[in-house]
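Good morning, everyone. Have a look at the model on the screen, and I will walk you through it.

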Amino acid sequence: MKNTGIAIVSLVGGMIIGSALTMLFTPQSGADLRKQIKDLIGDEVDKVREKVDDVRGKVEEARCKCDEK
C-alpha cells in the first residue's frame, strides 16, 4: 500500500511539472502564463485534496466495520 501511494504522488507530481513546463514553452505573455500556472496548480491541489478526503472516508468506513466485529 505504501508503494502505491508513492507511485500516485509521483504520477501527480510529474503531471503538474509536465504541464507547467509545457506552458512555459508556449508563446504567451508573462501575466497570462502565470495565471494559467496558478490556476492549474490550484486545480490539481483541489483534486488531490478530494482524493485524500475520499481515502480518509474509506479508511474511517473500514475502521468502523472492524470495530463492529
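Start with Glu60, which is partly exposed, with a relative accessible area of 38%. On that scale, buried means under 20% relative accessible area, exposed means over 50%, and partly exposed lies in between, with a 1.4 Å probe and protein chains only. This is a predicted model: local features need pLDDT of at least 70, side-chain atom pairs count only at pLDDT 80 or more, and totals for chains, interfaces and linings use all residues. Residues are numbered from 1 along each chain as its sequence is written, and side-chain values use heavy atoms, with hydrogens and water left out.

What does Glu60 form a salt bridge with? The partner is Arg63, and the closest N and O atoms are 3.0 Å apart. A salt bridge here is a side-chain nitrogen of Lys or Arg within 4 Å of a carboxyl oxygen of Asp or Glu. Arg63 is partly exposed as well, at 44%.

How many salt bridges does a search of the whole structure find? Four. Here is another one of them. Asp53 and Arg56 meet through their side chains, 3.7 Å from N to O. They too are three residues apart in helix α2, so about one helical turn separates them. Asp53 is partly exposed, with 47% relative accessibility.

Next, Lys47 and Glu44. Their side chains form a salt bridge at 3.6 Å, N to O. Again, the pair is three residues apart in α2, which means about one helical turn. Glu44 counts as buried, because its value is 12%.

Now the helix itself. Helix α2 covers residues 30–68, which is 39 residues. From its first C-alpha to its last, α2 reaches 57 Å, close to the 57 Å expected at 1.5 Å a residue. That expected span is 1.5 Å times one less than the number of residues. Arg49 is in α2 and counts as exposed, because its relative accessibility is 54%. Arg49 and Ser10 are 39 residues apart in sequence, and their C-alpha atoms are 15 Å apart in space.

On to the other helix. Helix α1 covers residues 2–24, and Thr4 is found there. Thr4 is partly exposed, at 44% relative accessibility. Thr4 and Gly14 are 10 residues apart along the chain, with 15 Å between their C-alpha atoms.

Last, the whole protein. It has two helices and zero strands. Those are DSSP runs numbered from the N terminus: helices are H or I with at least four residues, strands are E with at least two. The C-alpha trace spans about 60 × 20 × 10 Å along its principal axes. What is the radius of gyration of the protein? It is 17 Å, whereas a compact globule of 69 residues would have one near 11 Å. The radius is taken over C-alpha atoms, and the globule rule is 2.2 Å times the number of residues to the power 0.38. Buried residues make up 9% of the 69 residues.

That is the tour. Thank you.
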